[in-house]
Amino acid sequence: MPVFESRAQMLASTAKAVDASHAEEIRISFMSGGILDVARPAVVIRAVLQSVRKDDVTPPAGMRTAVGATRTKLFIERSGYDGPMLVVGDSVRAIERRGKPAYEVAWVDDNNATRLIVELNER
């Protein structure tokens, strides 16, 4: 087991290991007012794209129902990303997945020590 000099070093090493096995090619297209932003050219990166399906929802009345809601997040390793900061409305495409699904940035968390965490809505 490796010995790390700091917690930050350990977290960075863990993020690199996760990316090595789970990252995929992602294209980020930066938008401005719903059109491509020429001042921020598109970038292709490797990042972890995670979709979690929430099948069961309990409504307030206590009745169980099945709703196919999916939450998707993009995890970008900070140390390997030198592109522009993502903002709400930017476009993300999973170019290695079948059908190349597209998403829109709904929210960006840049407070994580090792990752930019981007919540996405399906397009």
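In this predicted model, the largest nonpolar core comprises 17 residues. Within this core, I26, I28, L74, I76, L86 and V92 touch the most other members. Several strands supply the core. Two or more residues come from each of β1 (24–29), β4 (43–57), β5 (65–77), β6 (91–94), β7 (102–109) and β8 (115–122).

The surroundings of L86 illustrate the packing. Beyond its neighbours within four places in sequence, L86 contacts I28, F30, I76, Y81, V92, V105, V108 and V118. Among these partners, I28, I76 and V92 also belong to the group of core residues that touch the most other members.

Strand β1, one of the contributors to the core, also holds S29. The relative accessibility of S29 is 10%. S29 therefore counts as buried, because the cut-off for burial is under 20%. Residues up to four places away in sequence aside, S29 touches L36, A42, D90 and S91.

With neighbours within four places in sequence left out, the contacts of A15 are T114 and R115. A15 and T114 are separated by 99 residues in sequence. In space, their C-alpha atoms are 7.1 Å apart. R115, the other contact of A15, falls within strand β8 (115–122).

Definitions and conventions. Residues are numbered from 1 along each chain as its sequence is written. This is a predicted model: local features need pLDDT of at least 70, side-chain atom pairs count only at pLDDT 80 or more; totals for chains, interfaces and linings use all residues. Side-chain values use heavy atoms; hydrogens and water are left out. Contact means heavy atoms within 4.5 Å. A nonpolar core is a set of buried Ala, Val, Leu, Ile, Met, Phe, Trp, Tyr and Cys residues joined through side-chain atoms within 4.5 Å. Buried means under 20% relative accessible area, exposed over 50%, partly exposed in between (1.4 Å probe, protein chains only). Helices (H or I, at least four residues) and strands (E, at least two) are DSSP runs, numbered from the N terminus.
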